[in-house]
Amino acid sequence: AIQSCKAEVALVPHSSKGISGPIYINLFRQPLPRKAFQDLAELLWVYPPVIVLDLGGCSIGDAECEALCSALGGTSSSSSCSLQRLLLDGNRIGGTGAAALGTLLARNDSMRQLSLRLNSIGDPGMSALANGLTRNAARREWNVCANAFTTLGA
């Protein structure tokens with residue numbers, strides 16, 4: 001899926017050559033190996049107009065989520081890419097993945113929407129995620145319905 005995605009995006013002219021609008025990468029329900037997340041993150045850095053990434057239903061667990069966040073700049077002090085919407089609904093993301101997302105969000109000024117419906121985020125993960133969201137000035141919308149946290153984690 002990523003190789004075909006790379007090929008399709010490579011055909012689009014770079015923003016400095018006149019890209020006219022944002023790019024939406026939809027990989028909904030595509031099984032992705034862990035290595036694919038590094039390739040995907042490279043696309044997001046090379047093609048800054050990529051502002052929406054839909055990875056819903058891709059069987060993403062904590063390890064894959066951590067790899068994605070790391071590749072997007074969430075574990076370093078450098079700024080992250082220009083991604084504005086990250087859709088991760090219906091995966092297997094738990095506390096560790098939520099903590100990685102919290103770190104990413106704390107360092108990302110462009111992220112406006114995060115959707116994590118139907119994952120496995122418990123109280124510790126939700127607390128870490130909420131901490132990152134409170135430090136993100138750009139946050140506008142986040143959806144964490146149907147997870148495993150209680151009012152303690154919220």
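Which residues in α3 meet which residues in α4?

A: Keep in mind that this is a predicted model. On the α3 side you have Asp62, Cys65, Glu66 and Cys69, and on the α4 side they meet Gly95, Thr96, Gly97, Ala100, Leu101 and Leu104. Sorted by class, the contact of α3 with α4 holds five nonpolar, three polar and two charged residues.

Now the geometry. Helix α3 covers residues 62-71, and its axis comes within 7 Å of that of α4, with a crossing of roughly 15°. That angle is under the 35 degrees used as the cut-off, so α3 counts as roughly parallel to α4. As for handedness, α3 passes α4 in a left-handed crossing.

Follow α4 (residues 95-107) and you find it also packs with α5, which spans residues 123-134. Here the axes again come within 7 Å, and they cross at roughly 5°. This makes α4 roughly parallel to α5 as well. From α4, the contact takes in Gly95, Ala98, Ala99, Leu101, Gly102, Leu105 and Ala106; from α5, Gly125, Ala128, Leu129, Gly132 and Leu133 join in. By class, the contact of α4 with α5 comes out at eight nonpolar, four polar and no charged residues.

Step back and the protein chain has five helices and five strands. Read from the N terminus on, these elements run α-β-α-β-α-β-α-β-α-β. Contacts between residues 24 or more positions apart make up 85% of those in the protein chain with a separation of 6 or more. Of its 154 residues, 47% count as buried. The accessible surface of the protein chain is about 7300 Å², and carbon and sulfur atoms hold 53% of that.

Most residues other than glycine have a negative phi. Arginine 29, however, has a positive phi of about 60°. You'll find arginine 29 in the loop between β1 (23-26) and α2 (35-46), and at 60% relative accessibility it counts as exposed. Alanine 146 also has a positive phi of about 60°, though it is not a glycine. Alanine 146 sits in the segment after β5 (141-143), and with a relative accessible area of 48% it is partly exposed.

Notes
Residues numbered from 1 in each chain as written. Predicted model: local features only at pLDDT ≥ 70, side-chain atom pairs only at ≥ 80, totals over all residues. Heavy atoms only, no water. Axes fitted to C-alpha atoms, helices over the stretch in contact; angles between N-to-C directions. Helix = DSSP H or I, 4+ residues; strand = E, 2+ residues; numbered from the N terminus. Parallel < 35°, antiparallel > 145°, perpendicular 65-115°, else oblique. Contact = heavy atoms within 4.5 Å. Nonpolar A, V, L, I, M, F, W, Y, C, P; charged D, E, K, R; others polar. Buried < 20%, exposed > 50% of the residue type's maximum accessible area, 1.4 Å probe, protein only. Areas by Shrake-Rupley, 256 points an atom, 1.4 Å probe, with all protein chains shown as cover. Left-handed = near helix turned anticlockwise from the far one by under 90°.
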